[in-house]
Amino acid sequence: QVQLVESGGGLVQSGGSLRLSCAASGRTFSSYAMGWFRQASGKERRFVASISASGSTTIYAGSVKGRFTISRDDAKSTVYLQMKNVKPEDTAVYYCADRRSGPFYYNPATEAAQYDDWGQGTQVTVSS
């Protein structure tokens with residue numbers, strides 16, 4: 001059984017930094033692409049960043065490009081989201097997800113429907 005557990009969320013001031021972690025268990029972590037999504041209160045879940053299984057390819061939403069960095073440590077079965085220069089509009093519940101099925105599951109992807117397993121989420125609140 002696959003399990004994804006996010007951590008690292010909290011309250012941060014605008015302009016500050018935060019690092020989210022997502023620990024995976026129950027399968028071979030290194031074989032699959034991973035992604036981060038976020039959902040603000042009353043809004044739809046939206047793509048943030050994704051990384052390929054090899055770690056060589058990353059993609060970002062335009063709103064976070066240049067401020068957020070996704071990375072992975074296969075030895076720890078963990079994917080990270082380093083957030084810098086955060087803004088109040090970054091406030092949301094952040095979810096990690098994995099791709100373990102479908103065509104090109106090892107490539108990064110931007111659509112939630114392309115992901116198979118989801119964590120429970122971690123709240124990030126940015127104060128102005």
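Phe104 is located in the loop that joins strand 9 (92-99) to strand 10 (117-118). The model in which this residue is described is a predicted one. Phe104 is not a glycine, yet its phi is positive, at about 55°. Most residues other than glycine have a negative phi. With a relative accessibility of 53%, Phe104 counts as exposed, because the cut-off for that class is over 50%.

Gly102 belongs to the loop between strand 9 and strand 10. The relative accessible area of Gly102 is 43%, so this glycine is classed as partly exposed. Between Gly102 and Tyr80 there are 22 residues of separation along the chain, and their C-alpha atoms are 23 Å apart.

A positive phi is also found at Ser77, a residue other than glycine, where the value is near 50°. Ser77 occupies the loop between strand 7 and strand 8 (78-83). The loop between strand 8 and strand 9 contains Glu89. The relative accessibility of Glu89 is 55%, and Glu89 therefore counts as exposed. Glu89 and Ser127 are separated by 38 residues in sequence, while the distance between their C-alpha atoms is 9.5 Å.

The protein chain contains eleven strands and zero helices. Its secondary structure, read along the sequence, is accordingly written β-β-β-β-β-β-β-β-β-β-β. The radius of gyration is 14 Å, and the globule rule gives 14 Å for 128 residues, so the chain is as compact as a globular protein of that length. Along the principal axes, the C-alpha trace spans about 40 × 25 × 25 Å.

Contacts and surface were examined for the chain as a whole. Of the contacts with a separation of 6 or more, 59% involve residues 24 or more positions apart. Buried residues account for 42% of the 128 residues. The accessible surface amounts to about 6,500 Å², and carbon and sulfur atoms contribute 45% of this area. The chain carries 14 positive and 10 negative side chains, and the centres of these two sets are 5 Å apart.

Ser50 is part of strand 5 (residues 46-51). Its relative accessibility is 0%, and because buried means under 20%, Ser50 falls in the buried class. When residues up to four places away in sequence are not counted, Ser50 touches Met34, Gly35, Thr57, Thr58, Ile59, Ile70, Pro108, Ala109 and Tyr115. Two of these neighbours also take part in polar pairings with the side chain of Ser50. In one, a polar atom of the Ser50 side chain lies 3.2 Å from the backbone nitrogen of Ala109. In the other, the side chains of Ser50 and Tyr115 form a polar contact at 2.9 Å. Gly9, by comparison, is 41 residues from Ser50 in sequence, and the C-alpha atoms of Gly9 and Ser50 are 18 Å apart.

A polar atom of the Arg67 side chain lies 2.9 Å from the backbone oxygen of Ser63. Apart from neighbours within four places in sequence, Arg67 is in contact with Gln82, Met83, Lys84, Asn85, Val86, Lys87 and Asp90.

Taken together, the residues described differ in their accessibility. Gly102 is partly exposed, whereas Phe104 and Glu89 are exposed.

Note on methods: Residues are numbered from 1 along each chain as its sequence is written. This is a predicted model: local features need pLDDT of at least 70, side-chain atom pairs count only at pLDDT 80 or more; totals for chains, interfaces and linings use all residues. Side-chain values use heavy atoms; hydrogens and water are left out. Helices (H or I, at least four residues) and strands (E, at least two) are DSSP runs, numbered from the N terminus. The radius of gyration is taken over C-alpha atoms; the globule rule is 2.2 Å times the number of residues to the power 0.38. Buried means under 20% relative accessible area, exposed over 50%, partly exposed in between (1.4 Å probe, protein chains only). Contact means heavy atoms within 4.5 Å. Accessible areas come from the Shrake-Rupley method with a 1.4 Å probe; for residues, only the protein chains shown count as cover. Lys and Arg count as positive and Asp and Glu as negative; His and the chain ends are not counted. The place of a charge is taken as NZ of Lys, CZ of Arg, CG of Asp or CD of Glu. A polar contact is a pair of N or O atoms within 3.5 Å; within protein, one must be able to donate a hydrogen and the other to accept it, and residues adjacent in sequence count only if both atoms are side-chain atoms.
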